[in-house]
Amino acid sequence: MTLYLKLGGRDAIIRVMPRLQARLEQDACFDHAGFRKEFEHSDDLTEFLIFLSGGAPFYEGKPVCNLLSPICTCPDVYERFVDHLVAVFFAGRDHHSDEEHLRDLMDRLRPQVLDPKPVSPILVYSVEQETLSA
C-alpha cells in the first residue's frame, strides 16, 4: 500500500493543507509572504505532495526547488517544515514507519530545495526520416 493511501488519499491531503498553513504562520521561523501565495493561489504544493506520496503518476506543477525554496530558506527551516508536515499528517496516530517514510522522501528532496542546480536548456530537433537517409 502506498503512502498516499495510508495518508487517506487526495481528500485527506487537501484537508490537512489549511492546518499546515496555520502551523507555518504560527512559527516565527517562516517568512509568511514566502508561502502564503502557494497556499492561497496555487494547488502546486498539494499536487506535489499527492505525487510524492504515490497518488499520481506525474506532477506538472512548479519544480520542487521553486515550490519550496521560498518557504525553506536554510537547512534548519527545512527541517521545521518537514516536522510541521509530519505533524499535520500523523498527529494522534501511531504510524511510525509511515512517518519515517515521509521523512525519508523529504530528506531526498533536501538538496533540490536548498541547493538547486540550474538546468541547461535542451535543444530538440525534429527531422524527417528521408532527410536522415540521404
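Author: Welcome! The protein chain has 8 helices and 0 strands. Please keep in mind that this is a predicted model.

Reader: Thanks! What pattern does the protein chain follow, read along the sequence?

Author: The pattern is α-α-α-α-α-α-α-α.

Reader: How many residues does the protein chain have, and what percentage of them count as buried?

Author: The protein chain has 134 residues, and 37% of them count as buried. Another overall figure concerns contacts between residues at least 6 apart in sequence: 64% of these join residues at least 24 apart.

Reader: Let's turn to the core. What should I look for there?

Author: In soluble globular proteins, nonpolar side chains tend to be buried together. In this structure, the largest nonpolar core holds 37 residues. Leu 20, Phe 81, Phe 89 and Met 106 have the most contacts inside it.

Reader: Which elements give two or more residues to this core?

Author: They are helix H1 (3-7), H2, helix H3 (32-41), helix H4 (44-52), helix H5 (64-68), H6 and helix H7 (96-114). H6 provides the largest share of this core, with 9 residues.

Reader: Phe 89 was on your list. Which residues is Phe 89 in contact with, leaving aside its neighbours within four places in sequence?

Author: Phe 89 contacts Leu 7, Ile 13, Val 16 and Leu 102, once those neighbours are set aside.

Reader: Now for pairs of helices. How do I read the packing of H2 and H6?

Author: Start with the angle and the distance between the axes. Helix H2 (residues 9-26) packs against helix H6 (residues 75-90) at an angle of about 135°, and their axes are 9 Å apart. Because of that angle, H2 is oblique to H6. The crossing in which H2 passes H6 is right-handed.

Reader: Which residues make the contact?

Author: From H2 come Ile 13, Val 16, Arg 19, Leu 20, Arg 23 and Leu 24. From H6 come Phe 81, His 84, Leu 85, Ala 87, Val 88 and Phe 89. By class, the residues of this contact of H2 with H6 are 9 nonpolar, 1 polar and 2 charged.

Reader: At what angle do the axes of H2 and H4 cross?

Author: They cross at roughly 135° and come within 10 Å. H2 and H4 are therefore oblique to each other, and their crossing is right-handed. On the H2 side, the contact is made by Arg 10, Ile 13, Ile 14, Met 17 and Leu 20. On the H4 side, the residues are Leu 45, Thr 46, Glu 47, Leu 49 and Ile 50. The contact of H2 with H4 has 7 nonpolar, 1 polar and 2 charged residues.

Reader: I'd like to look at Leu 49. Is Leu 49 buried or exposed?

Author: Leu 49, which is found in helix H4, has a relative accessible area of 5%, so it is buried. Apart from neighbours within four places in sequence, Leu 49 is in contact with Ile 13, Met 17 and Leu 85. Leu 49 and Arg 10 are 39 residues apart in sequence, with 9.4 Å between their C-alpha atoms.

Reader: How do H6 and H7 cross?

Author: Their axes cross at roughly 150° and come within 10 Å. That angle is why H6 is roughly antiparallel to H7. H6 passes H7 in a right-handed crossing. Among the residues making the contact are Pro 75, Tyr 78, Phe 81 and Phe 90 of H6, together with Asp 98, Leu 102, Met 106 and Leu 114 of H7. The residues of the contact of H6 with H7 divide into 13 nonpolar, no polar and 7 charged.

Reader: You named Asp 98. Is Asp 98 buried or exposed?

Author: The relative accessible area of Asp 98 is 8%, so Asp 98 is buried. Asp 98 sits in helix H7. Leaving aside neighbours within four places in sequence, its contacts are Leu 3, Lys 6 and Phe 90.

Reader: And what about a loop residue: where is Cys 29?

Author: Cys 29 lies in the loop between H2 and H3. With a relative accessible area of 39%, Cys 29 is partly exposed. Not counting residues up to four places away in sequence, Cys 29 touches Val 77 and Arg 80. Cys 29 and Ile 71 are 42 residues apart in sequence, and their C-alpha atoms are 9.7 Å apart in space.

Note on methods: Residues are numbered from 1 along each chain as its sequence is written. This is a predicted model: local features need pLDDT of at least 70, side-chain atom pairs count only at pLDDT 80 or more; totals for chains, interfaces and linings use all residues. Side-chain values use heavy atoms; hydrogens and water are left out. Axes are lines fitted to C-alpha atoms, for helices over the stretch in contact, and angles run from 0 to 180 degrees between N-to-C directions. Helices (H or I, at least four residues) and strands (E, at least two) are DSSP runs, numbered from the N terminus. Angles under 35 degrees count as roughly parallel, over 145 as roughly antiparallel, 65 to 115 as roughly perpendicular and the rest as oblique. A crossing is left-handed if the near helix is turned anticlockwise from the far one by less than a right angle, and right-handed if clockwise. Contact means heavy atoms within 4.5 Å. Ala, Val, Leu, Ile, Met, Phe, Trp, Tyr, Cys and Pro count as nonpolar, Asp, Glu, Lys and Arg as charged, and the others, Gly among them, as polar. A nonpolar core is a set of buried Ala, Val, Leu, Ile, Met, Phe, Trp, Tyr and Cys residues joined through side-chain atoms within 4.5 Å. Buried means under 20% relative accessible area, exposed over 50%, partly exposed in between (1.4 Å probe, protein chains only).
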